[in-house]
Amino acid sequence: MAAVVVVLVAAFAVTGFVTPGFLLSSQSVSGSGRAVDGGGPETSSPMEPPPGSGPPTGNITIPTARTPEPHRTTPLPDPSTCSFPADPSGPGAKPATRPADGPQPASGTVGVTLRTTAGDIVLSLDRALAPCTVGSFVSLAQQGFYTGTSCHRLGVTDLQMLQCGDPAGDGTGSAGYTVPDEFFPGLAYGRGLIALANTGQPGSGGSQFFMMFGTNPLPPSYTVFGSISDAGLTVLDKVARGGVASSGAYGDDTGKPRIPVTFSAVTVG
């Protein structure tokens, strides 16, 4: 299974941020797995550096200002027609029923609470931004797909985000189907937003997503589908200040968070 990864190359250039997982551990930040910019996917298991080799804790800079939530200048048809084809890379790492192809609402918001070992994170999902992505996320949440999974990738420097949603726990897992791209020109990423990870290939989003608590200089290639509550950002800030336990698996300084984030429950409404 290809890894979903976020990739930064050169100074401030992002090369890969995969939608189904955002950053798979088998992909480097510049192109492994589900990544931000999209390098070629890898299927081999990455060699992780010794624990404690991640960025130092306590001295990271996290912005306090939220990034404005994006809005489409031209609304999507409401409802919008969505399809969720089987993942060409193979079956999901955890059984899941894919949403039925057909209409999805393209207006209104959906509240979701991620109950985690680090604290509760409340999300507001925006159907007008990404009706297919929201429909998929809600379906997986209601099936209990995310329950028991852990967030596998944390970035605290150039790419400040926490990537979650992979039942395999290494950035290579999916729900066995893909979600259509719903990004558009002019998207900006940053504190307070949630987006779908992908492999860098068209229509490769899936179950993996990333929650942004700081700067994310990414190209408009990742579907933004909602926002994070202030209390949720406080939880993410705490996890970020805990630092990265081991970096290098994704080709950059991101890696597993020192403070574990495991979903005990994901509730809708």
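Some ground rules before the details. The model is predicted, so local features need pLDDT of at least 70 and side-chain atom pairs count only at pLDDT 80 or more, while totals for chains, interfaces and linings use all residues. Residues are numbered from 1 along each chain as its sequence is written, and side-chain values use heavy atoms, with hydrogens and water left out.

I start with the core. A nonpolar core here is a set of buried Ala, Val, Leu, Ile, Met, Phe, Trp, Tyr and Cys residues joined through side-chain atoms within 4.5 Å. Buried means under 20% relative accessible area, exposed means over 50%, and partly exposed is in between, with a 1.4 Å probe and protein chains only. The largest such core has 58 residues. Those with the most contacts inside it are Leu114, Leu123, Leu125, Phe137, Phe209, Met211 and Phe225. Helix α1, residues 131–143, gives the most to this core, with six residues. Helices (H or I, at least four residues) and strands (E, at least two) are DSSP runs, numbered from the N terminus.

Take Leu114 as an example. Contact means heavy atoms within 4.5 Å. Leaving aside neighbours within four places in sequence, Leu114 is in contact with Gly119, Asp120, Ile121, Leu123, Phe137, Phe209, Met211, Phe263, Ala265 and Val266. Of these partners, Leu123, Phe137, Phe209 and Met211 are also on the list of residues with the most contacts inside the core.

Next, helix α1. How many of its 13 residues are buried? The count is 11, so the helix is mostly covered. The buried ones are Pro131, Cys132, Thr133, Val134, Gly135, Ser136, Phe137, Val138, Ser139, Leu140 and Ala141. For the geometry, the expected span of a helix is 1.5 Å times one less than its number of residues. For α1 that should be 18 Å, and the end C-alpha atoms are 18 Å apart, which agrees. Just after α1, Gly144 takes a positive phi of about 80°. As background, most residues other than glycine have a negative phi, and most peptide bonds are trans.

Thr133 lies in α1 and counts as buried at 2% relative accessibility. Not counting residues up to four places away in sequence, Thr133 touches Val179, Pro180, Glu182, Leu196, Thr223 and Phe225. Thr133 and Thr178 are 45 residues apart in sequence and 9.7 Å apart in space, C-alpha to C-alpha.

Now the disulfides, each defined as a pair of cysteine sulfur atoms within 2.5 Å. The structure holds two. With bonded cysteines counted along the chain, the pattern is 1-2, 3-4.

One of them joins Cys82 to Cys132, S to S 2.0 Å. The link of Cys82 and Cys132 is left-handed, with -85° about the S-S bond. Cys82 lies in strand β3 (residues 80–82) and Cys132 in helix α1, so the pair ties together parts that are 50 residues apart in sequence. Both cysteines, Cys82 and Cys132, are buried.

The other is formed by Cys151 and Cys164, with sulfur atoms 2.0 Å apart. Here the torsion about the S-S bond is about 95°, so this disulfide is right-handed. Cys151 lies in the loop between α1 and β7 (153–155) and Cys164 in strand β8 (residues 161–164), so the pair ties together parts that are 13 residues apart in sequence. Cys151 and Cys164 are buried too.

A brief note on the backbone. The peptide bond from Asp78 to Pro79 is cis, with omega near 5°. Pro79 sits in the loop between β2 (13–17) and β3.

Last, the salt bridges, where a side-chain nitrogen of Lys or Arg is within 4 Å of a carboxyl oxygen of Asp or Glu. There are five in the structure, and I will go through some of them.

Arg98 pairs with Asp101, the closest N and O atoms being 3.0 Å apart. Arg98 is partly exposed at 41%, and Asp101 is partly exposed at 45%.

Arg115 and Asp120 meet at 2.5 Å, N to O. Arg115 counts as partly exposed at 35% relative accessibility, and Asp120 at 37%.

Which parts does the bridge between Arg153 and Asp252 tie together? Their side chains meet at 3.0 Å, N to O. Arg153 lies in strand β7 and Asp252 in the loop between β12 (244–247) and β13 (255–257), so the pair ties together parts that are 99 residues apart in sequence. Both Arg153 and Asp252 are buried.
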